[in-house]
Amino acid sequence: MDQDVTALQLVLSGDPALFAIVRLSLYVSLSAVALAALIGIPLGALIALTNFRGRQGVIVMLNALMGLPPVVVGLAVYLALSRSGPLGSFGLLFTPGAMIVAQTVLVTPIIAALTRQTIEDLWIEYRDELTAMNLGPFGRVAALIWDARFSLVTALLAGFGRAAAEVGAIIIVGGNIEGFTRTMTTAIALETSKGDLPLAVGLGLVLIGIVIAVNALAWTARRAGERLAG
Amino acid sequence: MRAPSSELPIEFDGVTVAAGGVTILDNIALTLAPGAPTVLIGPNGSGKSTLLRVAMGLLLPSRGRITWGGLEHVPPLKRAIVFQRPAMLRRSAAANIRFALRAAGIPRADHARRTDELLELVGLPGLADRAARRLSGGEQQRLALARALARDPSVLFLDEPTASLDPVATKAVEDIMRAVSERNIKVVMATHDFGEARRLAGEVVMLHRGRIVEAGAAASFFDAPRTLEARAFLAGELLI
């Protein structure tokens with residue numbers, strides 16, 4: 001009970017260190033989701049609308065990649081960004097930039113796979129109409145992505161949930177440096193192992209609250225949009 | 001893919017469509033020329049929808065050839081189709097029409113005026129901002145008509161446009177088709193309702209099991225059918 005009270009006090013007091021941690025977490029995860037959407041939505045639409053050899057294999061791979069273990073992604077990104085790695089010259093390792101890269105790698109397959117499924121279902125419904133309107137490939141993709149926008153919000157939320165919840169990748173490539181690369185999940189891992197359970201619980205509550213708030217916001221926007229556009 | 005001066009007449013020359021060992025259209029020879037509406041009539045599964053899809057250019061014949069204004073492989077610039085169950089874009093009614101106008105390359109400056117005109121023509125002026133997928137079946141069918149007409153077609157194909165509508169909605173759609181035909185747009189409609197065929201047709205093409213069993217002017221088809229199948233169909237017998 002004591003712990004819960006302390007945790008709540010911490011959250012309510014608006015502690016600047018806590019605030020910085022929350023802000024960094026949101027910055028990293030939202031940036032990663034934005035980047036992953038820029039890559040994953042067109043990629044998913046492309047796979048949905050084109051026929052090529054090995055398409056089934058690509059789809060199976062993409063679906064499998066949704067379950068990429070964060071620590072493995074963290075390790076791979078670490079190797080790529082480390083000083084002797086292929087991308088070492090960018091000096092990104094142990095910066096928020098490296099954490100964004102790692103989470104983008106984690107989230108892109110989720111967004112691409114869910115987009116592929118959504119766009120493919122919609123394409124089956126729209127194919128005849130769009131073909132009869134003599135619409136070119138670019139026009140088709142644009143129309144399908146626009147009309148699938150409410151379902152795609154769910155794909156983005158799934159990606160955000162994944163990014164906000166993971167600790168394995170960002171702790172490896174970010175290093176959990178206080179005031180620089182410490183996020184809610186890495187801080188919770190650290191405080192728990194140190195035995196500072198009130199802080200860990202407080203951060204956990206904030207994290208859950210933020211995830212619920214983001215989902216509620218997206219859901220409300222989706223409902224409002226659907227009422228207008230059907 | 002040269003564009004002909006007109007996409008009419010549409011000529012079927014020995015067109016056969018087969019899929020999975022089943023012959024859906026069998027050696028069709030048919031000319032669709034400007035003039036009064038042509039009604040394709042026949043029981044379900046007789047090949048009416050497939051014939052419309054070939055005429056629209058959505059489906060390639062397995063054998064034989066089809067030409068639009070004398071040319072093969074003509075993209076559908078001046079033809080439009082209303083499917084039996086039209087897919088409504090997840091947008092407002094007006095946005096559905098604007099989408100079609102944009103796809104047809106109509107200058108953006110004309111979109112607002114054309115959208116209003118088309119909604120007026122199909123009797124949906126008050127529903128411009130309503131989500132298309134929330135409209136009733138009859139309203140969706142009329143919106144699909146407006147969307148097809150947005151292409152400013154010279155030929156309009158309709159696949160059983162009133163099959164699932166009540167009499168009031170059916171009358172609304174049939175009135176629009178008459179208005180369209182009076183604007184010199186060639187109407188080609190499939191139906192299995194010969195009352196509807198009688199009300200609208202200038203020319204009748206009767207299909208049965210993928211073949212044309214009888215074709216000609218509507219008046220002579222209804223007054224003096226030449227074939228056994230047509231007589232049976234007109235007598236209301238079940239043609240299997």
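How near do the axes of α2(A) and helix α5 (residues 96–132) of chain A come, and at what angle do they cross? In this predicted model, the two axes come within 5 Å and cross at roughly 35°. Axes here are lines fitted to C-alpha atoms, for helices over the stretch in contact, and angles run from 0 to 180 degrees between N-to-C directions. The crossing of α2(A) and α5(A) is right-handed; a crossing is right-handed if the near helix is turned clockwise from the far one by less than a right angle, and left-handed if anticlockwise. By class, 24 nonpolar, eight polar and two charged residues make up the contact of α2(A) with α5(A). Ala, Val, Leu, Ile, Met, Phe, Trp, Tyr, Cys and Pro count as nonpolar, Asp, Glu, Lys and Arg as charged, and the others, Gly among them, as polar.

Residues are numbered from 1 along each chain as its sequence is written, and chains are lettered from A in the order in which they are written. Local features need pLDDT of at least 70 and side-chain atom pairs count only at pLDDT 80 or more, whereas totals for chains, interfaces and linings use all residues.

Chain A contains 10 helices and zero strands, where helices (H or I, at least four residues) and strands (E, at least two) are DSSP runs numbered from the N terminus. Of its 230 residues, 38% are buried, that is, 20 or more other C-beta atoms, placed from the backbone, lie within 10 Å of the residue's own. The C-alpha atoms of chain A fill a box of roughly 65 × 50 × 25 Å along the principal axes.

The crossing of α2(A) with α7(A) is right-handed. Their contact has 10 nonpolar, three polar and no charged residues.

Between the chains, the contact takes 14 residues from chain A and 20 residues from chain B, two residues being in contact if their C-beta atoms, placed from the backbone, lie within 7 Å. On the side of chain B that touches chain A, β5 (79–82) and α2 (93–103) of chain B give two or more residues. That side divides into 15 nonpolar, one polar and four charged residues.

The model scores ipTM 0.89 and pTM 0.85. Chain B averages a pLDDT (the predictor's confidence in each residue, from 0 to 100) of 90, and 97% of its residues score at least 70.

Terms used: Buried ≥ 20, exposed ≤ 12 C-beta atoms within 10 Å, placed from the backbone.
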